[in-house]
Amino acid sequence: TPVWHRGAAVGRGTPPLCSEVPADVAMRKSAGRREYLRGVLEGDDHTGLRVRRIEREGSGILTSLADADGLIEIEEERTGVESRAGIRATAGSRIH
């Protein structure tokens with residue numbers, strides 16, 4: 001069971017769990033548009049949880065969809081996120 005499903009009633013008919021959690025690594029993007037990235041929420045010894053971006057693209061896209069259990073959302077005004085900075089993550093039963 002993915003970390004963000006533990007203790008939460010996530011499934012069909014249940015709204016996804018949204019939370020601000022620390023980013024695993026720094027992420028960059030262009031300002032002026034909102035981005036949604038595939039992600040996995042993992043346990044962290046210091047903060048309890050962190051979100052890890054799944055970076056596979058191209059021929060690895062199907063594997064990344066299978067591995068992802070949520071989305072990372074980076075707002076329009078941000079040009080990136082520093083490592084360990086708070087970022088909005090939405091958990092789902094599986095996003096595919």
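Student: Is Glu35 buried or exposed, and what is its relative accessible area?
Tutor: This is a predicted model, in which local features need pLDDT of at least 70 and side-chain atom pairs count only at pLDDT 80 or more, while totals for chains, interfaces and linings use all residues. Residues are numbered from 1 along each chain as its sequence is written, and side-chain values use heavy atoms, with hydrogens and water left out. Buried means under 20% relative accessible area, exposed means over 50%, and partly exposed lies in between (1.4 Å probe, protein chains only). Glu35 is therefore buried, with a relative accessible area of 15%.

Student: Which residue forms a salt bridge with Glu35?
Tutor: A salt bridge puts a side-chain nitrogen of Lys or Arg within 4 Å of a carboxyl oxygen of Asp or Glu. For Glu35 the closest N and O atoms of the pair are 3.0 Å apart.

Student: How many residues apart in sequence are the parts tied together by Arg34 and Glu76?
Tutor: Arg34 forms a salt bridge with Glu76, their closest N and O atoms being 2.7 Å apart. Arg34 lies in the loop between β2 (27-28) and β3 (35-44), and Glu76 in the loop between β5 (70-74) and β6 (80-81). Strands (E, at least two residues) and helices (H or I, at least four) are DSSP runs, numbered from the N terminus. The parts are therefore apart in sequence by 42 residues.

Student: How far apart are the closest N and O atoms of Arg78 and Glu75?
Tutor: Arg78 is partly exposed at 23%, whereas Glu75 counts as buried at 18%. Their salt bridge has its closest N and O atoms apart by 3.5 Å.

Student: Which residue in β7 is the bridge partner of Glu73?
Tutor: Strands of a sheet pair through backbone hydrogen bonds, either parallel or antiparallel. β5 and β7 (residues 86-91) pair in the antiparallel sense, over four bridges. In β7, the bridge partner of Glu73 is Arg88.

Methods: Two strands pair if DSSP finds at least two bridges between them.
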